[in-house]
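Take a look at the sequence and the structure shown below. We will go through them step by step.

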Amino acid sequence: MKLEGKRLIWQDYQKEIADDHYFYARSCIRQTFFPGAEAVFVKILKDELGKDIHDEQHHTSCTGIGYHSDVVPFDTTMTVVARQFALMTEAGYENYAASCVTSFGLYTEILDTWHHFPEKEAQIREFLFKATGREFNKPKNLAHASDIVYKFRHQIAAKAKYKLVDKNTGEPLKVVEHIGCHYSKMFPHKGIGGAEYPYVLSGMIEAWGGEVIDYPERRHCCGFGFRQYLVQANRGFSLSCSKKKFDSMEPYEPDMIITNCPGCPMFLDRWQYALSEMEGKTYGKNHNGIPVFTYEEVAGMIMGYDPWEIGLQVHQVPAEPLLDKIGIRYDPSRKFKGKNGEDLGMPESPSYLKFYAE
Amino acid sequence: MGELYSRLADDIRFAESLKACINCGTCTAICPAAEFYNYDPRVIATTVQSQDDEKIRELMSSDVIWYCGECMSCKTRCPRGNAPGLLIIALRSLSQDMGFFTESEKGRQQLAVKRTIGDQILASGYCVRPDMVDPGMHPEQGPVWDWEHKNLIPIMNKLGANYNGEGSGALRKISQDDLDELQRIFEVTGGQERYDKIEEFSKEKAAEMGLEFGTDTNSEYFQHIYTANNQKHNHG
């Protein structure tokens with residue numbers, strides 16, 4: 001599709017994103033695998049952009065993974081989400097910012113359900129009051145955290161020390177963007193750019209100097225599939241989906257993958273390792289993989305934050321080839337050290353995927 | 001209209017997911033599960049739309065309803081605005097409420113999901129936590145995760161998390177008061193009842209299969225359902 005056509009579609013899928021005063025709900029998966037990414041998000045909003053963001057301690061999982069692996073009933077999930085809204089209300093906020101795409105999709109689905117079935121909303125309010133004594137207002141504005149970074153992408157670019165550009169050639173880096181399915185596949189009008197040509201990450205990539213790769217399986221699921229990964233016997237499904245994407249993007253020689261869902265970067269990272277062990281296959285040059293990042297990590301990278309402070313060392317596919325290409329400075333000897341330089345040992349080297357350690 | 005169809009039709013997701021399917025197969029064309037498994041969401045919609053209780057019962061007792069990954073790609077593309085993925089959620093809910101899920105290899109796995117993700121939610125307030133992702137159960141996580149898992153406290157500290165700490169921040173300890181509220185929500189809304197049913201029906205199945213049931217992830221039955229794959233689920 002020509003870029004002009006996409007821009008016309010993008011114009012139809014714009015959404016309002018609050019300018020300030022966010023109630024931040026963390027993601028189980030992002031905290032587990034990329035806690036540095038959430039720390040970068042909070043730091044950029046607070047310290048770089050001067051925004052007010054409330055980091056709520058009492059919120060729990062929205063139960064989304066339990067709901068989509070079908071062990072948690074919808075009424076239960078809706079009532080847990082109602083409790084998150086109650087915490088937002090009690091804290092004096094109206095703008096809900098979700099770190100998780102599964103949560104964001106669920107909040108969107110629940111608000112839509114309540115819109116179409118007001119009697120269900122009334123029942124959930126009763127459930128919540130009976131269980132906790134709490135009451136709530138619905139959010140005035142609901143955004144995924146990537147929407148907020150998208151909104152401020154130009155301000156971030158203005159403060160950045162680096163661009164997504166090859167330091168030797170001056171050419172833009174070739175970037176694959178991968179959007180979590182539940183960001184907009186269910187409710188296209190709730191995502192920037194819609195479901196077929198979402199713009200939330202493409203907008204960041206363009207603003208930060210990179211070039212977006214359009215490849216055949218761009219919109220294909222990463223393969224999480226909830227129960228399809230959670231149960232060991234089903235993981236072939238998950239791996240196969242990711243492989244299909246890698247095979248499809250490989251001819252375009254991407255420098256990196258950026259994702260907005262917490263789970264996708266973990267799968268796209270780990271399955272490259274698994275495929276390398278199973279088949280001796282790597283998707284980058286010289287036995288490197290294609291590094292996979294969250295959008296917060298990429299924002300942190302171009303802002304010049306220390307790669308080992310934001311957590312790039314906990315990726316299985318090493319980030320070093322990309323850092324070198326951009327010219328981002330880092331100390332290789334500190335990669336696997338603790339906060340104050342303490343020795344934590346180091347991971348074993350994979351059989352095929354290139355390993356970087358000093 | 002049969003009883004099973006009637007119970008499905010009572011599910012709010014059913015009303016949102018199936019409005020006169022025209023059998024075009026667009027959902028099957030976009031479906032990642034249909035690429036991988038012997039799975040066809042178009043047939044699911046057709047079967048349910050038939051309102052034939054015998055066929056619906058057979059469907060809910062089979063592996064087929066457990067193949068979907070709930071990515072909801074079908075929702076985007078359906079020209080009628082249907083969502084076979086949502087229909088699957090309604091079918092899975094009823095299958096668990098009525099105990100049909102233990103009749104298939106893929107359905108039996110629900111006990112594994114309940115004892116991992118399900119129990120973790122109530123015990124910690126998180127669906128997933130780093131200590132739960134055991135490298136032995138997750139060899140695909142690779143050597144970096146293995147290293148991280150051995151050094152969780154210093155690494156989480158370096159990355160700005162508040163691992164098991166009081167107050168706010170990533171991976172903070174969720175207070176007992178908050179966990180108690182979560183438990184009460186599960187009790188009031190049917191979440192605990194769903195968990196109990198999964199355990200009860202699975203226990204009956206374990207006895208029928210002659211496998212030790214236990215209460216954790218080390219039991220014979222858990223290990224069986226977590227790893228068993230008869231290799232008959234995929235395209236040939």
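Leaving aside neighbours within four places in sequence, B:Asp40 is in contact with B:Thr28 and B:Ala34. Here two residues are in contact if their C-beta atoms, placed from the backbone, lie within 7 Å. This is a predicted model, in which local features need pLDDT of at least 70, side-chain atom pairs count only at pLDDT 80 or more, and totals for chains, interfaces and linings use all residues. Residues are numbered from 1 along each chain as its sequence is written, while chains are lettered from A and ligands numbered from 1 in the order in which they are written.

Stay with B:Asp40 for a moment. B:Asp40 sits in the loop between helix 4 (32–36) and helix 5 (41–49) of chain B. Helices (H or I, at least four residues) and strands (E, at least two) are DSSP runs, numbered from the N terminus. A residue is buried if 20 or more other C-beta atoms lie within 10 Å of its own, exposed if 12 or fewer, and partly exposed in between, with C-beta atoms placed from the backbone. B:Asp40 and B:Ile65 are 25 residues apart in sequence. In space they are 9.8 Å apart, C-alpha to C-alpha.

Now step back to the whole of chain B. Chain B has 15 helices and 0 strands. Its C-alpha atoms fill a box of roughly 55 × 45 × 45 Å, taken along the principal axes. Of the 236 residues in chain B, 48% are buried. Take the contacts in chain B between residues at least 6 apart in sequence: 62% of them join residues at least 24 apart.

Chain B is divided into domain 1 (3–106), domain 2 (109–124 + 179–227) and domain 3 (127–173). Domain bounds come from an automatic or database domain assignment. The centres of domain 2 and domain 3 of chain B, taken over C-alpha atoms, are separated by 24 Å. Their contact takes 4 residues from domain 2 of chain B and 4 residues from domain 3 of chain B. On the domain 2 side there are 2 nonpolar, 2 polar and no charged residues. Ala, Val, Leu, Ile, Met, Phe, Trp, Tyr, Cys and Pro count as nonpolar, Asp, Glu, Lys and Arg as charged, and the others, Gly among them, as polar.

Two backbone angles in chain B deserve a look. B:Asn23 is not a glycine, yet its phi is positive, near 60 degrees. B:Asn23 lies in the loop between helix 2 (12–17) and helix 3 (26–30) of chain B. With 11 other C-beta atoms within 10 Å, B:Asn23 is exposed. B:Gln231 has a positive phi of about 60 degrees and is not a glycine either. B:Gln231 lies in the segment after helix 15 (220–227) of chain B. B:Gln231 is exposed, with 6 other C-beta atoms within 10 Å.

Turn to chain A. Chain A is divided into domain 1 (21–145) and domain 2 (152–334). The C-alpha centres of these two domains of chain A lie 25 Å apart. How many residues of domain 1 of chain A are in contact with domain 2 of chain A? There are 26 from domain 1, in contact with 28 residues of domain 2 of chain A. Helix 2 (28–33), helix 3 (35–48), helix 4 (64–68) and helix 6 (101–116) of chain A each give two or more residues to the domain 1 side. That side has 13 nonpolar, 9 polar and 4 charged residues.

Look at helix 3 of chain A by itself. Helix 3 of chain A has 14 residues and reaches 19 Å from its first C-alpha to its last. That is close to the 20 Å expected at 1.5 Å a residue, where the expected span is 1.5 Å times one less than the number of residues. Helix 3 of chain A is mostly covered, with 10 of its 14 residues buried. Among them are A:Pro35, A:Phe41 and A:Leu45. Just after helix 3 of chain A, A:Gly50 takes a positive phi of about 70 degrees.
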